[in-house]
Amino acid sequence: MSDGALPHPDLVAAIPRLRRYARTLTGEATRADDLVQDTLARAWEKRRLWRSGTDLRAWLFTVMHNVFVNQRALARRDARNVSLDDDAAGGEVWQIAVRPAQQARVELAELLEQVGRLPAEQREVLLLAAVEEMKYEEIAVVLDIPVGTVMSRLSRAREKLRRLADGPSPGLRAVK
Amino acid sequence: MTSMTDPTDLDLMAYADGQLAPERAAAVEAVLARDAQSAARVAEIREQNRLLREGLDTWLAEPSPERLLAAAAAPAESTAAPWWRPALAMAATLVMGLALGWFGREALLDRQGMPTSFARQAAFAHVLYATDQRRPVEVWANEEKGLVTWLTRRMGVQAHAPDLNSVGFALVGGRLLSGHEKPTALLMYENPEKQRLTLQWRKHDRDANETAFRYAIEDGVSIFYWIDHECAYALSGSLDRAQLLAVARVVYGQLAAAEVARK
């Protein structure tokens with residue numbers, strides 16, 4: 001931090017959400033915080049691209065997604081000659097740590113495990129819609145894809161979760 | 001006046017997510033009232049959303065680490081850290097290689113009005129995404145119409161996906177590169193030998209009558225690039241010059257024909 005510079009309050013307010021989404025992107029806490037740090041640095045570099053009055057959170061998520069995509073592509077180039085351990089679905093192995101108090105919630109643990117088995121592109125859309133509660137149009141901007149693609153990926157994600165959930169215990173979940 | 005079209009599964013999904021346009025809501029609610037399975041499906045989606053938030057909202061309460069608070073402050077003017085990790089030696093080498101390779105050409109090309117930085121960026125982006133096996137593009141060729149519409153809207157200029165089947169290349173899909181000041185559209189093509197080409201374009205400010213193809217090669221990537229009145233284009237691939245030129249001619253011809261057809 002440079003002398004005398006205070007953290008910008010709007011960016012500080014965004015950090016918890018950025019960390020949460022970064023953890024779902026990277027699947028690991030330290031890499032997630034690295035990603036958030038890189039995102040904030042890039043946000044400062046590109047701050048002129050953010051139009052004041054528009055949603056800052058959505059813009060920061062867009063920056064983070066760009067940083068993540070490019071870092072991943074670079075990492076794949078470097079790892080080209082190394083055999084990678086993929087699961088059958090063709091995506092990276094993704095695990096998300098649940099707090100101990102919630103491990104008792106079997107339902108939650110099962111759902112998170114199933115979410116981990118989704119292809120990354122479906123998981124990203126699902127979490128932005130369900131957890132961040134972003135509008136489909138906002139998600140389209142963050143991920144740089146058409147709105148129609150957002151909706152079709154979201155629909156496929158939920159279909160896949162249904163199939164995974166119906167495996168061991170068929171039937172609809174009881175509505176509370 | 002009620003809508004004449006039946007709600008689709010996507011309408012139900014949008015309704016469950018609270019994102020359905022109000023004028024469509026009445027039609028969806030009528031379906032939910034009479035179809036228990038649809039109603040259960042909507043309830044299921046909402047319950048799933050709620051459960052995911054319940055699981056992941058607890059992270060929001062965690063205190064932010066010092067280093068992230070520091071990153072939320074304006075950086076010192078003197079440090080301009082690159083946003084990619086210098087520890088990735090190959091990435092650094094690639095950038096250095098491009099910088100050194102283009103050095104001799106810059107003075108010449110600047111005089112002829114071609115933005116060299118665009119060609120350099122196009123080469124870099126080609127290498128980055130053409131070598132990506134899992135997600136080289138964001139929108140795949142099966143959604144070609146949506147892809148073209150989306151690129152058109154985002155770029156502010158009519159997009160075209162040239163048909164390169166006559167020269168053996170099929171469309172893989174496309175993406176938008178928005179890391180720089182101006183967005184760049186990228187279309188990727190592949191032949192049966194799994195060789196990939198990228199066609200990139202970005203809006204071009206300066207008035208230029210010059211449309212001659214320029215050719216460059218860097219680290220095994222060949223690039224043909226040109227400017228028309230609206231955009232700068234770059235066609236990149238690891239083909240030899242003659243092969244790439246053949247494809248570039250097809251691309252150029254189709255873009256020109258589309259332009260004429262619009263007038």
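Below is a chat about a predicted model with a chain A and a chain B.

Me: Hi! Where does this model come from, and what is chain A built from?
Reply: Hi! This is a predicted model. Chain A has seven helices and zero strands.

Me: What order do the elements of chain A run in?
Reply: Starting at the N terminus, they go α-α-α-α-α-α-α.

Me: How much of chain A counts as buried?
Reply: Chain A has 176 residues, and 51% of them count as buried. Its accessible surface comes to about 8,500 Å², with 53% of that belonging to carbon and sulfur atoms.

Me: And what about contacts in chain A between residues at least 6 apart in sequence: what share join residues at least 24 apart?
Reply: For those contacts, the share is 61%.

Me: Let's zoom in. How do α5 and α7 of chain A pack?
Reply: Helix α5 (residues 120-130) and helix α7 (residues 147-166) of chain A pack at an angle of about 100°, and their axes are 8 Å apart. Angles of 65 to 115 degrees count as roughly perpendicular, so α5(A) and α7(A) are roughly perpendicular to each other.

Me: Which residues meet there, in α5(A) and α7(A)?
Reply: On the α5(A) side you have A:E121, A:Q122, A:V125, A:L126 and A:A129. On the α7(A) side, the residues include A:V150, A:L154, A:A157 and A:L161. By class, the contact of α5(A) with α7(A) has seven nonpolar, one polar and five charged residues.

Me: Is A:T39 buried or exposed?
Reply: A:T39 counts as buried, because its relative accessibility is 0% and the cut-off for buried is under 20%. You'll find A:T39 in helix α2 (residues 29-45) of chain A.

Me: What does A:T39 touch?
Reply: Not counting residues up to four places away in sequence, A:T39 touches A:L60, A:V63 and A:M64.

Me: Changing topic: how many residues of chain A are in contact with chain B?
Reply: There are 82 residues of chain A in contact with 66 residues of chain B. Between them, the two chains bury about 7,200 Å², and 55% of that is on carbon and sulfur atoms.

Me: Which residues of chain A lose the most area to chain B?
Reply: Those are A:R77, A:D144 and A:R158, which together make up 9% of what the chain A side buries.

Me: Where is B:S64, and what is it in contact with?
Reply: B:S64 is in the loop between α3 (36-56) and α4 (66-71) of chain B. Leaving aside its neighbours within four places in sequence, B:S64 is in contact with A:I15, A:P16, A:R19 and B:L69. B:S64 has a relative accessible area of 22%, so B:S64 is partly exposed.

Me: How do α1 and α2 of chain B pack?
Reply: Helix α1 (residues 9-16) and helix α2 (residues 22-34) of chain B pack at an angle of about 100°, with their axes 10 Å apart. That makes α1(B) roughly perpendicular to α2(B). From α1(B), B:D11, B:L12 and B:Y15 take part, meeting α2(B) residues that include B:R24 and B:V28. The residues of this contact divide into five nonpolar, no polar and three charged.

Me: Last one: where is B:V247, and which residues does it touch?
Reply: B:V247 is in helix α8 (residues 241-262) of chain B, and B:V247 is buried, with a relative accessible area of 3%. Not counting residues up to four places away in sequence, B:V247 touches B:L164, B:V167, B:F169, B:L197 and B:L235. B:V247 and B:L197 are 50 residues apart in sequence and 9.5 Å apart in space, C-alpha to C-alpha.

Conventions. Residues numbered from 1 in each chain as written. Chains lettered and ligands numbered in written order. Predicted model: local features only at pLDDT ≥ 70, side-chain atom pairs only at ≥ 80, totals over all residues. Heavy atoms only, no water. Helix = DSSP H or I, 4+ residues; strand = E, 2+ residues; numbered from the N terminus. Buried < 20%, exposed > 50% of the residue type's maximum accessible area, 1.4 Å probe, protein only. Contact = heavy atoms within 4.5 Å. Areas by Shrake-Rupley, 256 points an atom, 1.4 Å probe, with all protein chains shown as cover. Axes fitted to C-alpha atoms, helices over the stretch in contact; angles between N-to-C directions. Parallel < 35°, antiparallel > 145°, perpendicular 65-115°, else oblique. Nonpolar A, V, L, I, M, F, W, Y, C, P; charged D, E, K, R; others polar. Buried area = accessible area lost by both parts, 1.4 Å probe.
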